[in-house]
Amino acid sequence: NARITASYVTSVSNWNADFFVNGAYVYRAKQIDATSNQQSDKINKLSLRLGLKTERWKVTLFGENLANKAAAVVVRKNDRFPLYPRRIGVTVSSSF
């Protein structure tokens with residue numbers, strides 16, 4: 001199993017804000033459930049986040065499972081719980 005992450009932050013002086021980028025890649029080998037002896041799929045997942053942040057607000061564009069790989073994350077007896085499909089969105093937050 002492996003996880004690689006990277007982050008970058010730089011100041012945007014015109015807006016008195018910071019621009020940030022975060023990325024993560026996760027690899028998990030196939031695993032066998034000890035009780036049912038069933039095997040889950042291997043996982044390759046790439047996620048990215050980028051945005052702007054000030055002392056009062058933060059806007060983030062995110063993407064999770066960007067390769068849109070389908071995999072059974074957990075397997076128990078006859079149940080298979082899949083890795084969620086690609087998700088892309090925006091979050092906005094404020095502090096006061």
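Q: Where is Asn16 found?
A: In the loop between strand 1 and strand 2. Keep in mind that this is a predicted model.

Q: What is the phi of Asn16?
A: Positive, about 50°. And Asn16 is not a glycine.

Q: Is Asn16 buried or exposed?
A: Exposed. Its relative accessibility is 68%, and the cut-off for exposed is over 50%.

Q: What about Asn65, what is its phi near?
A: Near 50°. That is again a positive value in a residue other than glycine.

Q: Where does Asn65 lie?
A: In the loop between strand 4 (57–64) and strand 5 (72–76).

Q: And why does Asn65 count as buried or exposed?
A: It counts as buried, because its relative accessibility is 0% and buried means under 20%. So Asn65 is buried, whereas Asn16 is exposed.

Q: How many bridges join strand 2 to strand 3?
A: There are 11. Strand 2 covers residues 17–28 and strand 3 covers residues 43–53. The two run antiparallel.

Q: Which residue in strand 3 stands opposite Asn22?
A: Arg49.

Q: Now the side chains. What does the charged end of Arg87 sit over?
A: The ring of Tyr84. The charged end is 3.8 Å from the centre of that ring.

Q: How exposed is Arg87?
A: Partly exposed. Its relative accessible area is 40%.

Q: What does Arg87 touch, leaving out residues up to four places away in sequence?
A: Phe62, Gly63 and Glu64.

Q: And what separates the C-alpha atoms of Arg87 and Asn68?
A: They are separated by 8.6 Å. Along the chain, the two residues are 19 residues apart.

Q: Last one. How many aromatic pairs does the count come to?
A: The count is 0.

Notes
Residues numbered from 1 in each chain as written. Predicted model: local features only at pLDDT ≥ 70, side-chain atom pairs only at ≥ 80, totals over all residues. Heavy atoms only, no water. Pairing = 2+ DSSP bridges. Helix = DSSP H or I, 4+ residues; strand = E, 2+ residues; numbered from the N terminus. Buried < 20%, exposed > 50% of the residue type's maximum accessible area, 1.4 Å probe, protein only. Phe/Tyr/Trp six-rings, centres within 6.5 Å; stacked < 30°, edge-to-face > 60°. Lys NZ or Arg CZ within 6 Å of the ring centre and 35° of its normal. Contact = heavy atoms within 4.5 Å.
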